[in-house]
Amino acid sequence: DFPLPYQAEFFIRNMNVEEMLASEVLGDFLGAVKNVWQPERLNAINITSALDRGGRVPLPINDMKEGVYVMVGADVPFSSCLREVENPQNQLRCSQEMEPVITCDKKFRTQFHIDWCKISLVDNTKQVSTFQEVIRGEGILPDGGEYKPPSDTLKSRDYYSDFLITLAVPSAIALVLFLILAYIMCCRREGVEKRNMQTPDIQLVHHSAIQKSTKELRDMSKNREIAWPLSTLPVFNPVTGEIVPPLHTDSYDNTSMPLMQTQQNLPHQTQIPQQQSAGQY
């Protein structure tokens, strides 16, 4: 029912919102503020938890508190003690995360730990109203003269110059570049003859000999018709000496067959009895 234009919000670090709502604790805090401020009327306007202002949940170590914001209002201007938070030296200490020097902090320190860097002082008597009265008109637009629509007849336009700029000029430039590239790629080639003329004769002879030898080796590898020796193929019985028919026909491509085959892949191989050790007799 009574206007309280001067409002101050304190941040108490060692309290929770449930503890602050108790009448005894809130009365002690208002009493401390009244001793510092000396107002005629002093009331608590709002009590908010620090968690609702973006604060973090405290760790369960040493009975840490979440903190609480308490806004109080009074009918008299702020005291000199509360104005000390606006001192440039204290503002500098707050920017450096240091405790500001407040003379009346000892009146709160016994029970309440105030964070003086987070205190806010609001003077509603100095706030200028920004409300502007809306002037309503009659809803009739001013006369702008007679409406003149555009003409229905359109003037003819020549697009020949636009065609030359858009298509003809880029096409001509592309054609010239194509001719230059074709001349460089087709008419300026050195060729094999010029390369051979600039290459030493001994290098050409070596290159020709290597190519000729490679060709002969490939032809020889394709025309193998010599039978494989018996020492490399199990084509006879090692016990009886009986000749076993070959595993492949004459038309079989023997170039892809390995020189030595494992005994597991030979169906006509006869296993030789192994000599037993003397301890078994």
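Read along the sequence, the protein follows the pattern β-α-α-β-β-α-α-α-β-α-α-α. That amounts to 8 helices and 4 strands. The model is a predicted one. The protein has 281 residues, and 23% of them are buried. Its accessible surface comes to about 23200 Å², with carbon and sulfur atoms holding 56% of that area. Among contacts with a separation of 6 or more, 71% are made by residues 24 or more positions apart.

The disulfides give a way into the fold. A disulfide is a covalent bond between the sulfur atoms of two cysteines. Taking sulfur atoms within 2.5 Å as the criterion, the count comes to 2 disulfides. One of them joins C81 to C104, with an S to S distance of 1.5 Å. C81 sits in helix α3, residues 80-83, while C104 belongs to the loop between α4 (88-95) and α5 (106-109), so this pair ties together parts that are 23 residues apart in sequence. The torsion about the S-S bond of C81 and C104 is about -85°, so the disulfide is left-handed. Both C81 and C104 are buried.

The other disulfide joins C94 to C117, and here the S to S distance is 2.2 Å. C94 is part of helix α4, and C117 is in the loop between α5 and β4 (120-123), so this pair, too, ties together parts that are 23 residues apart in sequence. The link of C94 and C117 is left-handed, with -85° about the S-S bond. C117 has 34% relative accessibility and therefore counts as partly exposed. When the bonded cysteines of the protein are numbered in sequence order, the pairing reads 1-3, 2-4.

What does N90 touch, leaving aside residues up to four places away in sequence? Its contacts are E84, V85, P100, V101 and I102.

R93 lies in helix α4 as well. With a relative accessible area of 29%, R93 is partly exposed. Again not counting residues up to four places away in sequence, R93 touches M98, E99, P100 and V101.

Most residues other than glycine have a negative phi. Q38, however, has a phi near 60°, a positive value in a residue other than glycine. Q38 lies in the loop between α2 (23-37) and β2 (42-49). Its relative accessible area is 58%, so Q38 is exposed. E97 likewise has a positive phi, near 60°, and is a residue other than glycine. The place of E97 is in the loop between α4 and α5, the loop that also holds C104. Is E97 buried or exposed? E97 has a relative accessible area of 75% and is therefore exposed.

The remaining part of the tour concerns helix α6, which spans residues 160-187. The UniProt annotation "transmembrane region", from an unreviewed entry, covers residues 163-186. Over residues 163-186 the model has 100% helix and 0% strand, and the C-alpha atoms at the ends are 33 Å apart. What kind of patch do V169, I173, V176, L177, I180, L181, Y183, I184 and M185 form on the surface? The patch is nonpolar, and these residues together have about 880 Å² of accessible area. One of them, I180, is located in helix α6. I180 has a relative accessible area of 45%, so I180 is partly exposed. C186, the end residue of the annotated range, has 58% relative accessibility and so counts as exposed.

Conventions
Residues are numbered from 1 along each chain as its sequence is written. This is a predicted model: local features need pLDDT of at least 70, side-chain atom pairs count only at pLDDT 80 or more; totals for chains, interfaces and linings use all residues. Side-chain values use heavy atoms; hydrogens and water are left out. Helices (H or I, at least four residues) and strands (E, at least two) are DSSP runs, numbered from the N terminus. Buried means under 20% relative accessible area, exposed over 50%, partly exposed in between (1.4 Å probe, protein chains only). Contact means heavy atoms within 4.5 Å. UniProt positions are given in the numbering used here, feature names are shortened, and annotations may be inferred rather than shown by experiment. Patches are made of residues with over 30% relative accessible area and no salt bridge: like charges are joined within 9 Å, nonpolar side chains (Val, Leu, Ile, Met, Phe, Trp, Tyr) within 5 Å. Accessible areas come from the Shrake-Rupley method with a 1.4 Å probe; for residues, only the protein chains shown count as cover. A salt bridge is a side-chain nitrogen of Lys or Arg within 4 Å of a carboxyl oxygen of Asp or Glu.
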